[in-house]
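Hi,

Here is the structure I promised to pass on. Have a look at it first, and then read my notes below.

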Amino acid sequence: MTVATPKMLGQPIKRREDPRLITGSSTYVDDLQLPGLAHLIFVRSPHGHARVNGIDTAAALGVPGVLAVLTAKDLEGSTTGPLPYEFAFDPFSDVKNMERGPLATDKVRYVGDPVAAVIAETRYAARDAAALVEVDYEPLPAAVVDPEAGLAPGAPLLYEEFGTNLGHTQDRKVGDPDAAFANAERVVKLRVVNQRVFAVAMETRGCVTDWRPGRPGDSGELTMWSSTQIPHGLKTKLAVLLGVPENKVRVIAPEVGGGFGNKVDVSPEETLAAIAAMRLSRPVKWSETRSENFQAAMQGRGQVDIVEAAITGDGRVTAIHVDAICDIGGYYQYLSPLMGMLTGMMMPGPYDIPNIHFTLKGVLTNKTPVGAYRGAGRPEATYLLECLMDKIGHELGKDPAEIRRINFIPPEKFPYSNGLGANYDTGEYVKALDKALEVSGYRQLREEQQTARAQGKLMGIGLAAYVEICGFGPWESATVRVEPSGKVMVHTGTSPHGQGTETSMAQIVADSLGVGIDDIVVLHGDTAMTQSGIGTFGSRSAAVGGGAMVMAVDQVRDKAVRIAAHLLEAAPDDVERSNGTFAVRGAAGKAVTLGEIAAAAYGGNVPTGDEPGLESTRFFKPDDSVFPFGVHVAVVDIDPDTGRVTLRRFIAVDDVGNVINPLLLDGQRHGGIVQGVAQALCEEVVYDESGQLVSGTLNDYSVPTAHMMPMFELDRTVTTTDRNPLGVKGVGEAGTIGSTPTLRSAVVDALLPLGIQDFDMPATSVRVWKAIRAASGSNGQA
Amino acid sequence: MPRMILACTVNDEPVEALIQPYQTLLDVLRDTIGLTGTKEGCGTGDCGACTVHLDGQPVCSCLVLAMQARGRAVRTIEGLAEGDALHPLQDAFVRFGAAQCGFCIPGVLMSAAALLAENPSPTEEEIRYGIAGNLCRCTGYTKMVDAISEVAGAAGGKA
Ligand code: FES
Ligand code: FES
């Protein structure tokens, strides 16, 4: 077969999602209205750590329009077991067993912990009533806020029954780190803090739940529209949790306003909303407020890393020892235990480090549970490694680019197993580094910096390399159906929420079938409509979902060719696609359209051995993950009087393998970079020592706005992979993983002339100003 | 509380609605009038997702009581296009791929449209400040700024 229509793959095709988005005509969860819709509001703990001695709901129940007020006591028997959390796929043997229900029982463990739920005819009535729920709290002294302090003997306990705040541990070794340290020419030590951040999807969480009660001999039916990244997983877990047969549960992710890992969850709130709908036999809507989102949606990062590296005299790392202390929060929530584990799995990053010792302590603290956030564990690994590379450069007086260069895994060592379960596919790290140096004009920048420093200016050039593991399986699915008229309907098991997957999947299908992109519709996120799927997270849609799409569409195309041959009385090998038809090679005018083929397929006019119809569902299970990589460079200027950091330039060279759509790709990179930059420059979740959330509004938590960011300079190298049919690696998280350490590197580089080598994020004016004052010997306490 | 009658125009159409005096313009647009294109991202004036035009001026509709719109002209994202013809900003947003999840986009478009109405040829910096009240978590703003710049260049000529 030859392909005569212009290739869609690799082209900047306009997003097929946009017409509905730019006109405000799409439907997000909170836009849904159902007849008889009731509204759910949670009553949440104002304390970080307190005993709950009783709850009085009488006044709340007296508010006109209130339908029910639920507390943990009312929920007995509503669920078949505790809320699920996952740790199954790693050798953690000691993750504590936690019996958490949708509402707190005898104790609250973070500000925002849900203790009661009010359901009323209107949002206003529900809110008024929620304010009248009387909870008798007995605040417990000294909430555990700092995870290291939480491990100290005598620290207050979140769970008395555990006798410790240590939730889980890991201890992993590669090679012989002890011998390497014993023989080290030099040892470099540092301690880095990867502060907690909020995901801040612009659409908060929420769901609408509808329950059709059963009849004798027939179970009821549950439908949930949820702002989720994993509709299929949510369906399965809810079915188990609520004891409803899975084929009577339907989960729909409508338009979802951003996720960033935060909506990979089976949350207490979704569970409670379902229970409420089942109790009342009415549809129930829960729309999270922004302040609830800050308090109760899972937070990202939260890791302290104590790092030691054995190095040679010229800066080669021969061994690394990392103790990671992970700040889990008050409960395990869905993926909480996995974050630190992913850090451990990527411990050597892009560097050829033969000896590794990684330990992890997951500590329960009086804070919101952590979960996945753009990168999930891999940014933490990259950050500590890049801080280490900078520090080695400083100690040896060497250029940071050169330290990285001599430590990179060389291309001939791929596929490269890092000994911790990650088996890197391909990588050309020096190529990416050289390109980044060239595109940024690194040498000139260093010259410019010399001049600037001579004038007393604080100019910093930051650099960081990264490799990430992504495209997690275990599988993804796709269905391609040519309708009887020749129009094409496609279902993907992924669940996009901004990635543009409807566009990229349509490109794959258009190329294979030779149809116009406008003849293809891509559907997703409705478990009743779509074959089973996994969802969208961990930069997996193109690598795994795209692989399934290729398999499905190619199977449909092959059948279309056979039917065309049958209709044209030719051999299948003589049929080629040309200009939107299937034609017999060399026989002018002997051609059929896909519509004619489909009409035959559904008319039963198919060759012997073929079934009627023209559709295929396939599941793709990649053999292993994929490993995008890159090098980022940032240039900052710091005002020595105010500590203000200005990001002047940001250069990103990413290698994500083959590219399906550069328009989508660059959008993912821009957004990812800004989120990573924001962690380095301005974002930080702050709790006070009593566990009170201090940064709980958009006024107190600095999400970057347009005037804070420069234009980004993007370039790429292309190193493909053979781990999926498209040779793609994934781009969703790359920008975030690379940009945080790059910015931190730039800030430290700017401050180096003042003798500052260590600096913990975020580089807000105040913190930088204090560091400058402290370094120059004056009183840094303003 | 006794309900009140709100009479105003929304997207050039006269509207009468029976509402509670404490309801915000955002809630009335979304829940009473059924125009859900305007989004709530915070309800406290911090994110700009709820931006609409009130007598041509951009406002956070979550901070405006609906009754404050009495006798005035409200324009929402649903009224930005003229019939089937997209507003040039909408068209540019599609060509540049400026949207991702789309949640912030109605607010950004309304802010940008108000900016261009007031200043047809803004500089890049003026554009960035013009949409600084609109938070977007997905896009890093780059393509939005490009798209608005292009429309400004085409509309404003060489200013
Ligand atoms: S919803 Fe009005 S500013 Fe955020
Ligand atoms: S496109 Fe998602 S918040 Fe802007």
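Before the notes, one term: a salt bridge here is a side-chain nitrogen of Lys or Arg within 4 Å of a carboxyl oxygen of Asp or Glu. Please also keep in mind that this is a predicted model.

Domain 1 of chain B brings 15 residues to the contact and domain 2 of chain B brings 13.

How many salt bridges does the rule find across the interface of domain 1 and domain 2 of chain B? The count there is zero. What the two domains of chain B do have is four residue pairs in polar contact, both residues at pLDDT 80 or more. On the domain 1 side, strand S3 (51-54) and strand S4 (57-60) of chain B are the elements that give two or more residues to the side touching domain 2. By class, that side of domain 1 of chain B has four nonpolar, seven polar and four charged residues.

As for area, the two domains of chain B bury about 1,100 Å² between them, with carbon and sulfur atoms making up 66% of it. In domain 1, the residues losing the most area to domain 2 of chain B are Thr51(B), His53(B) and Ile77(B), which together account for 41% of what that side buries.

Now for chain B as a whole. You'll find five helices and five strands in chain B, and along the sequence they run β-β-α-β-β-β-α-α-α-α. Chain B has a radius of gyration of 16 Å, close to the 15 Å that the globule rule gives for 159 residues, so chain B is as compact as a globular protein of that length. Along the principal axes, the C-alpha atoms of chain B fill a box of roughly 55 × 30 × 25 Å.

Next, where chain B meets chain A. The contact involves 46 residues of chain B and 48 residues of chain A. Together the two chains bury about 4,000 Å² between them, and carbon and sulfur atoms give 58% of that. Between chain B and chain A there are six salt bridges. One to look up is the pair Glu683(A) and Arg137(B), whose side chains meet in a salt bridge at 2.7 Å, N to O. Across the interface of chain B and chain A there are also 25 residue pairs in polar contact, both residues at pLDDT 80 or more.

Which elements of chain B supply at least two residues each to the side that touches chain A? They are helix H1 (25-32), helix H2 (88-96), helix H3 (105-118), helix H4 (124-130) and helix H5 (142-156) of chain B. H2(B) gives the most, with five residues. Sorted by class, the side of chain B that touches chain A has 22 nonpolar, 11 polar and 13 charged residues.

Finally, over all chains the structure holds 62 salt bridges. Within chain A, Lys235(A) forms a salt bridge with Glu246(A), with the closest N and O atoms 3.2 Å apart. Lys235(A) lies in helix H6 (residues 231-242) of chain A and Glu246(A) in the loop between H6 and strand S11 (249-252) of chain A, so the pair ties together parts that are 11 residues apart in sequence.

Cheers

Technical notes
Residues numbered from 1 in each chain as written. Chains lettered and ligands numbered in written order. Predicted model: local features only at pLDDT ≥ 70, side-chain atom pairs only at ≥ 80, totals over all residues. Heavy atoms only, no water. Contact = heavy atoms within 4.5 Å. Buried area = accessible area lost by both parts, 1.4 Å probe. Polar contact = N/O pair within 3.5 Å; in protein donor to acceptor, adjacent residues only side chain to side chain. Helix = DSSP H or I, 4+ residues; strand = E, 2+ residues; numbered from the N terminus. Nonpolar A, V, L, I, M, F, W, Y, C, P; charged D, E, K, R; others polar. Rg over C-alpha atoms; globule rule 2.2 N^0.38 Å.
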